[in-house]
Amino acid sequence: MSKTKKKSRYKKIRVISFFLLLFLLLLTIGAFYVVFLGANILVRCQGSRWDIPSKVYSAPVMLYPGINFKKTGLYKRLENLNYIQTKKIPAMPGEFSTRKNIVYLYQRAFLYSNGQQEIRFVKIYHNKGIIQKIIDTSSGAMLGNIKIAPVEISTFYGKQREERYLVVLDQIPENLINATLALEDRRFFTHIGLDFKGIMRAFSKNLLSGRIREGGSTITQQLVKNLFLSQKKTYWRKFNEAIMSMVLEAYYTKDEILEMYFNEVYLGQKGSVEIHGVGEAARFYFGRPVEKLTLDQCALLAGLIRAPAHYSPYNDAKAAKIRRNLTLKILFKEGKISKESYETAISKPVKTVGFVYGKQHAPYYVDYAITQIKNLYPRETLGSIGINIYTTLDMQIQRWSKEAVLNGLIKLEKKYPDFVGTDKQLQAAVVVMEPSTGRILAMVGGRDYQKSQFNRATQAYRQSGSLIKPLIYAQAIISGYNESSLVMDEPISINLDDNTTWS
């Protein structure tokens, strides 16, 4: 063999070896990168996956025969709880109506410190506001008392302003699961994290239309994007999303992935706060636990996933109904629901529970409560552990106290007009306590929290006044005085232990 042929053969071997080594190197790097991504997934999914805000609540209202329910501020309480007053007999939780001497109240479920209160429809019979009896309509039983849910008065958010109520897959109605899969990922239970048929279908449709009209992301990819990646539309993010989706499918079962998805999915906005997960969305839109959702409500929630802002019934009830009915039609065509169920569901109006955002019920009280809570939990912890904190605040007494402060100051300023419009504007504070327990029922720290957060009930230094008299009398008795002793009211000087004189 000539030297030229040997050199040529040696060169080919070197080139092949180089590319083989390069391939092995890339394969090794790729394997390490997949392991790295897998480790990130495990750390996030096995630890605390989400920050759950903690909430502070007022005391509940107790109603029972003999009490004047009007003085408890029942209607105002229901308004604060976003109940809707209807002209007809209430048809769903979160509604109430009045008929002469009867109040019809369809209570939502709520969690209190001593347990869960389930959905309940009651009739409250009264005579000029005095409750005569309370009847549970489902059983016909006469109730000794009922609780009206506490009002949320403050929320501790973490880094992200997100509301989320965690649920397990068994709590989620089959109709909601079927509707979500029909709209978002028909082949969820058969693909490996990527739906190649879906990707090709979306690619061809987008190519023909000349713009992006359809995405090929699976539920697994959506979950990976929301949990681990940014929302930026880059090829590198899509590459990571694809790899991580397959890794997630390898680590977790389909049911586990579906449960994570239903707790993570973004479903709307409450002011500056994001609504995540079907558990929170069911309460936000319909005022009921997710397991109690009806077919039409399940279809509406599933339809929101594609574009929550556009299809939100709070933003556009007409668009929400069109999207809901389309979802119902798909479920019917796929044989997931009967014709009767379909026709009944599409005939229903879109009804939401309504909500009030950003309303401050008792800001001075909340500030005071926070100082107490911080002794038990740091602020950053409260934004992530999702605990409910129940206080003793009575909302009706709080309203009366605030009105008393404002009305009292207005009367004083009319009497002393020199204070009006000056920097020395009159202020006042109120603390209402239950004598037998020491519970604080109401607190007002000033006339306007927006203008001054200084709490004159807890932060102001003041003279002791007559409270010091018993101490003075006690010391006088110890020193030999009695009730008939005469003390001359004249100037005195006393030498103190620190060699100073008090006069």
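Is Lys 128 buried or exposed? At 76% relative accessibility, Lys 128 comes out as exposed (over 50% relative accessible area, with buried under 20% and partly exposed in between, using a 1.4 Å probe and protein chains only). The model is a predicted one, so local features need pLDDT of at least 70 and side-chain atom pairs count only at pLDDT 80 or more, while totals for chains, interfaces and linings use all residues. Residues are numbered from 1 along each chain as its sequence is written, and side-chain values use heavy atoms, leaving out hydrogens and water.

Lys 128 sits in the loop between strand S8 (120-127) and strand S9 (130-136) (strands are DSSP runs of E, at least two residues, and helices runs of H or I, at least four, numbered from the N terminus). Most residues other than glycine have a negative phi. Lys 128, not a glycine, has a positive phi of about 55°. Lys 100 also has a positive phi, near 50°, and lies in the loop between strand S4 (95-99) and strand S5 (102-107). With a relative accessible area of 87%, Lys 100 is exposed.

Turning to the helices, the axes of H3 (residues 174-184) and H11 (residues 317-333) come within 10 Å and cross at roughly 95° (axes are lines fitted to C-alpha atoms over the stretch in contact, with angles from 0 to 180 degrees between N-to-C directions). H3 is therefore roughly perpendicular to H11 (65 to 115 degrees; under 35 is roughly parallel, over 145 roughly antiparallel and the rest oblique). On the H3 side, the contact (heavy atoms within 4.5 Å) involves Asn 175, Asn 178, Ala 179, Ala 182 and Leu 183; H11 brings in Arg 323, Thr 327, Ile 330 and Leu 331.
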